[in-house]
Amino acid sequence: ADCVRLVVFVTDMFPHRAAANRVTRALWGDGPYCPRTIVEVDALNQEDIFEVQGTFYTGSSGVIPLAPEGAILPTAEWGLGSSAGDYVFVAGMRGIDQETNTLIPIEGSTNDTFAVEARVRKAYENMQFIASAAGVDVVTDCVRTVVYVTDMFPHRAAANRVIREIWGDGPYCPRTIVEISALNQEDIFEVEGTFYKPAVSCA
């Protein structure tokens with residue numbers, strides 16, 4: 001009930017993600033589930049295969065799950081976002097069309113920065129949609145984003161163009177961007193966000 005954010009690192013996406021989903025269901029039952037980002041990396045310490053980090057909130061207001069109508073549907077046992085105290089956390093968002101719940105097609109190579117731009121833009125739009133449902137202004141209330149890409153040069157360039165569309169000439173939200181081995185569904189881009197909004201209304 002107190003979980004606001006999970007980040008999971010695996011060395012083999014398909015089997016380890018499936019195991020994580022089963023364990024999540026064992027712990028959380030039928031939900032609501034904690035917002036989660038899961039990425040595949042080349043290696044973990046001591047040749048391990050799985051690592052999870054969590055953020056929790058124990059304030060009197062509790063944790064409020066975010067699942068606004070019209071948002072994408074989670075692909076497994078994870079939540080879209082959460083509101084806790086003065087903060088809003090949005091799970092890792094990918095370029096999924098909420099009408100079909102499928103990835104936005106890439107017309108061309110995933111190494112082409114302009115070919116991937118529509119999917120990257122949709123990932124940010126999905127993050128905006130969920131945050132906005134909690135009363136957040138993504139431009140002014142963003143305190144941190146973490147971006148995961150599978151090819152740094154073209155995907156980072158696409159992200160920079162989309163960020164300029166959203167934030168204009170700035171100031172920009174603090175960002176960490178890392179290249180990882182793989183994402184779910186062989187995707188190429190994922191972004192998670194943390195936002196500050198005192199007295200957030202999640203009605």
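A: **Salt bridges around Asp187**

Asp187 and Arg119 form a salt bridge in which the closest N and O atoms are 2.8 Å apart; the term denotes a side-chain nitrogen of Lys or Arg within 4 Å of a carboxyl oxygen of Asp or Glu. This pair links distant parts of the chain, 68 residues apart: Asp187 belongs to the loop between β10 and β11, and Arg119 to helix α2 (residues 117-132). Helices (H or I, at least four residues) and strands (E, at least two) are DSSP runs, numbered from the N terminus.

The model is predicted: local features need pLDDT of at least 70 and side-chain atom pairs count only at pLDDT 80 or more, while totals for chains, interfaces and linings use all residues. Residues are numbered from 1 along each chain as its sequence is written, and side-chain values use heavy atoms, with hydrogens and water left out.

Asp187 also forms a salt bridge with Arg94, where the closest N and O atoms are 3.1 Å apart. Asp187 lies in the loop between β10 (175-179) and β11 (189-196) and Arg94 in the loop between β6 and β7 (96-97), so this pair ties together parts that are 93 residues apart in sequence.

Asp187 is buried, with a relative accessible area of 2%; buried means under 20% relative accessible area, exposed over 50%, and partly exposed in between (1.4 Å probe, protein chains only). Arg94 counts as buried at 6% relative accessibility, and Arg119 is buried with a relative accessible area of 9%.

**Other salt bridges**

In total, the structure holds 10 salt bridges. Side chains of opposite charge can pair when their charged atoms come close.

One of these salt bridges joins the side chains of Arg25 and Glu77 (3.0 Å, N to O). Arg25 lies in helix α1 (residues 13-28) and Glu77 in the loop between β4 (63-66) and β5 (81-84), so the pair ties together parts that are 52 residues apart in sequence. Arg25 is partly exposed, at a relative accessible area of 39%, whereas Glu77 counts as buried at 14% relative accessibility.

To return to the residue that opened this account, Asp187 has salt bridges with Arg119 and with Arg94.
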